[in-house]
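Dear colleague,

Please find below the structure that I am handing over to you.

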Amino acid sequence: MFKKSAHIIVGLTTFYDEYLGVSIPGLAQVKEKFILIVYNDNPDVRITKRQIRKHGYRGRLYVINGTHNIGQLRARLAILDFVRKCRLESQWFVFVDDD
């Protein structure tokens with residue numbers, strides 16, 4: 001069967017994984033289905049899908065763990081590159097801050 005594309009892709013960049021406890025529960029309350037892509041810019045900490053699920057998000061999820069700190073702008077560009085490589089399609093794309 002054909003996969004229905006989500007209407008929205010949300011790109012979230014983070015450095016401090018503690019902030020995910022603030023942002024993910026808020027995103028989990030959104031009623032519209034969307035794809036969440038989390039880019040972890042902290043090479044000392046590994047974020048897993050399980051951690052995100054524990055905060056309440058149940059939709060489609062991708063986690064990218066960076067190998068070194070590249071900053072917010074390059075992290076956002078890495079998310080866009082990931083979307084292009086994986087051929088994820090949507091009508092809208094939005095970035096959110098983790099705090």
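To begin with a definition, axes are lines fitted to C-alpha atoms, for helices over the stretch in contact, and angles run from 0 to 180 degrees between N-to-C directions. Please note that this is a predicted model, in which local features need pLDDT of at least 70 and side-chain atom pairs count only at pLDDT 80 or more, while totals for chains, interfaces and linings use all residues. Residues are numbered from 1 along each chain as its sequence is written, and side-chain values use heavy atoms, with hydrogens and water left out.

The sheet and its helices

Helices (H or I, at least four residues) and strands (E, at least two) are DSSP runs, numbered from the N terminus. An open sheet is formed by 4 strands in the order 3-2-1-4, with parallel pairing; two strands pair if DSSP finds at least two bridges between them. Strand 3 and strand 4 (92-97) are the edge strands, each pairing on one side only. From one strand to the next, the twist averages 20°.

Helix 1 lies across strand 1, strand 2 and strand 4, and runs at about 170° to strand 1. Helix 3 (residues 71-86) packs on the sheet and touches strand 1, strand 2, strand 3 and strand 4, where contact means heavy atoms within 4.5 Å. The direction of helix 3 makes about 150° with that of strand 4.

Strand 2 and its neighbours

Strand 1 and strand 2 run parallel and are joined by 6 bridges. Thr-14 stands opposite Asn-40 in strand 2. The chain crosses from strand 1 through helix 1 to strand 2 in a right-handed β-α-β crossover. A crossover is right-handed if, with the strands pointing away from the viewer, the path from the first strand over the helix to the second runs clockwise.

Strand 2 is also joined to strand 3 (residues 61-65), by 5 bridges, and these two strands run parallel. In strand 3, Val-63 is the bridge partner of Val-38, Tyr-62 stands opposite Ile-37, and Ile-64 stands opposite Tyr-39. Strand 2, helix 2 (residues 49-54) and strand 3 make a right-handed β-α-β unit.

Is strand 2 largely enclosed or exposed? It is largely enclosed by the rest of the structure, because 6 of its 6 residues are buried. Buried means under 20% relative accessible area, exposed over 50%, and partly exposed in between (1.4 Å probe, protein chains only). In a regular strand the side chains alternate between the two faces of the sheet. Here, Ile-35, Ile-37 and Tyr-39 point one way from strand 2, whereas Leu-36, Val-38 and Asn-40 point the other way.

The nonpolar cores

A nonpolar core is a set of buried Ala, Val, Leu, Ile, Met, Phe, Trp, Tyr and Cys residues joined through side-chain atoms within 4.5 Å. The largest one has 12 residues, among them Val-10, Leu-20, Phe-34, Ile-52 and Leu-61. Strand 1 (8-14), helix 1 (20-28) and strand 2 (35-40) are the elements that give two or more residues to this core. Helix 1 gives the most, with 3 residues. Apart from this core lies another, of 9 residues, including Ile-37, Tyr-39, Ile-64 and Leu-88.

Not counting residues up to four places away in sequence, Leu-20 touches Leu-12, Thr-14, Pro-25, Ile-47, Ile-52 and His-55.

Two further sites

Ala-28 lies in helix 1 and, at 31% relative accessibility, counts as partly exposed. Ala-28 and Gly-56 are 28 residues apart in sequence, and their C-alpha atoms are 5.8 Å apart in space. Ala-28 touches Gly-56 and Tyr-57, not counting residues up to four places away in sequence.

The whole structure holds 5 aromatic pairs. Rings of Phe, Tyr and Trp (its six-membered ring) pair if their centres lie within 6.5 Å; planes under 30 degrees apart count as stacked, over 60 as edge-to-face and the rest as tilted. Phe-15 and Tyr-16 form an edge-to-face pair, 5.0 Å centre to centre with 85° between the planes. Phe-15 is partly exposed at 28% relative accessibility, and Tyr-16 is partly exposed with a relative accessible area of 44%. Ring pairs link Phe-15, Tyr-16 and Tyr-19 into a cluster.

Yours sincerely
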